[in-house]
Amino acid sequence: GTPLSQVGGASMALVAPAWLSSVAGEDADRLKFWLPALREAGLAHPSSLATLHMADTLVPTLSYVGVDAPAAEQLGRFAILAMEAKTLREQRKAEQPEPHGAAAEDGEVLELWHAEDPEDFLEAFESDGEQEEEEQTHHGEVLHGTQGEIFSPGWLKAMRPLYRMHMGVENMGFMLYAMLRFLKPRLALEVGAGYTSMFMLQAFADNAAEVASYLHERQKEGGMLCDGRSWCNESFFARTGDEETSRASQVCNGRLLTIDNMAHAQTSAHEVQRKARALEIDGFLELHECDAFDPDLPSKLAPGEEFDVIWIDLGAADRIGGFFDRWWPRVVDGGYVLIHSSLTNRLTREWIDSRRFVGRTGDTHNGEVAQAQQVLSLLEPHKLFQNAFTCFQKREGFREPIHTKFP
């Protein structure tokens with residue numbers, strides 16, 4: 001009976017592969033049958049399904065990807081069962097040591113189901129009408145407020161094995177997550193995989209879920225209105241002959257390309273694929289094991305596409321200038337390049353200083369008129385190493401649109 005607001009989202013996403021296999025026989029087969037459609041809708045996590053189920057919007061939302069109403073209701077019920085099971089398991093863990101073999105890690109099946117009848121959870125839940133009504137109200141509001149899988153102690157706990165103090169990205173992960181949630185990229189590149197990869201991947205997954213909720217609300221009469229006017233930027237949702245070409249659709253099908261040579265002594269890059277698969281967010285990931293300094297890589301990787309965001313975390317030092325110049329043409333106008341550890345080491349700082357005011361009319365770089373850009377650097381004052389990042393925005397012809405007269 002723990003309120004879903006206390007259960008948390010990402011702790012449930014941790015067992016996304018497990019919740020399907022936690023139900024027996026035909027039920028498991030039916031749920032697995034619908035998994036591709038759920039992934040297409042960005043709703044493969046039990047937390048997402050339960051949230052929509054509680055808000056009475058799961059059936060119409062899943063109808064857009066071909067899931068019929070009885071199946072959608074079943075998916076919602078079993079999502080709630082999985083969340084309640086996880087909650088009870090955490091409560092038991094706090095009260096007494098787990099029995100041998102009870103730990104469920106990543107893709108393993110929750111051992112809780114053998115100890116309790118899953119139907120007991122559903123019966124108890126459905127009998128508590130007042131609690132159900134309260135939670136429906138809460139989650140109806142969440143659909144229009146701050147939400148995301150990383151806002152859960154369980155999700156962060158799952159990331160701990162990937163963290164390395166040497167890399168210094170304990171705050172950078174949140175920064176990247178927030179930026180990607182804000183910017184809604186279609187294609188991003190990460191140079192140097194590991195801890196931050198998971199935050200970026202989760203941002204792609206949560207963006208897809210957010211946009212899917214917008215698409216659903218827009219179908220309702222009077223949906224997505226604020227003071228009688230549309231809250232939505234219509235150009236974001238517009239389709240140009242093919243639904244796959246709308247910005248909304250591209251965000252729902254976004255991709256993170258990550259490159260790493262797996263050679264750093266402190267790397268956790270080799271864990272990214274496994275963790276992403278366990279969290280059911282690997283559909284947004286393309287992991288390439290290669291040399292980032294390969295001079296041909298900018299022309300070989302995703303040819304013909306432009307990146308909305310590039311995150312560089314490879315300790316290039318005095319080679320950062322050449323590296324940046326090779327990838328800058330691959331950035332979409334209006335896009336961003338973020339460089340880690342950029343301020344308090346002399347080799348990188350000298351290059352950063354040379355670029356900080358480049359971009360004004362008449363400025364030059366390497367003897368040529370520089371491409372227009374804006375630069376922002378942020379410093380973590382409490383750290384000696386790996387304590388800053390610098391963000392470049394490409395602004396050759398890019399100007400933000402004016403949508404309204406007043407804020």
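Ile-259 stands opposite His-288 in β5. The model in which this pairing is seen is a predicted one. Strand β4, made of residues 255–260, pairs with β5 in the parallel sense, over five bridges.

**The sheet**

Strands β4 and β5 belong to an open sheet of seven strands, in the order β5-β4-β1-β6-β7-β11-β10. The pairing in this sheet is mixed. Its edge strands are β5 (285–289) and β10 (373–379), each of which pairs on one side only. From one strand to the next, the twist averages 15 degrees. Strands of a sheet pair through backbone hydrogen bonds, in either the parallel or the antiparallel sense.

Helix α18, residues 346–355, lies across β7 (331–340), β10 and β11 (388–394). The helix runs at about 30 degrees to β11.

**Aromatic pairs**

The structure holds 15 aromatic pairs. A pair of aromatic rings is described by the distance of the centres and the angle of the planes. Two of the pairs are set out here.

| Pair | Centre to centre | Angle between planes | Arrangement |
|---|---|---|---|
| Tyr-214 and Phe-237 | 6.2 Å | 10 degrees | stacked |
| Phe-293 and Phe-323 | 5.5 Å | 65 degrees | edge-to-face |

The pair of Tyr-214 and Phe-237 links distant parts of the chain, 23 residues apart. Tyr-214 is in helix α12 (residues 195–218), and Phe-237 is in helix α13 (residues 234–237). Are these two residues buried or exposed? Tyr-214 has 22% relative accessibility, so it counts as partly exposed. Phe-237 counts as buried because its relative accessibility is 11%, and the cut-off for buried is under 20%.

In the second pair, the planes of Phe-293 and Phe-323 are at 65 degrees, so the pair is edge-to-face. Phe-293 lies in the loop between β5 and α16 (297–300), whereas Phe-323 lies in helix α17 (residues 320–327), so the pair ties together parts that are 30 residues apart in sequence. Both Phe-293 and Phe-323 are buried.

A cluster is also present: ring pairs link Trp-155, Tyr-163, Phe-174, Tyr-195 and Phe-199.

Conventions
Residues numbered from 1 in each chain as written. Predicted model: local features only at pLDDT ≥ 70, side-chain atom pairs only at ≥ 80, totals over all residues. Heavy atoms only, no water. Pairing = 2+ DSSP bridges. Helix = DSSP H or I, 4+ residues; strand = E, 2+ residues; numbered from the N terminus. Axes fitted to C-alpha atoms, helices over the stretch in contact; angles between N-to-C directions. Contact = heavy atoms within 4.5 Å. Phe/Tyr/Trp six-rings, centres within 6.5 Å; stacked < 30°, edge-to-face > 60°. Buried < 20%, exposed > 50% of the residue type's maximum accessible area, 1.4 Å probe, protein only.
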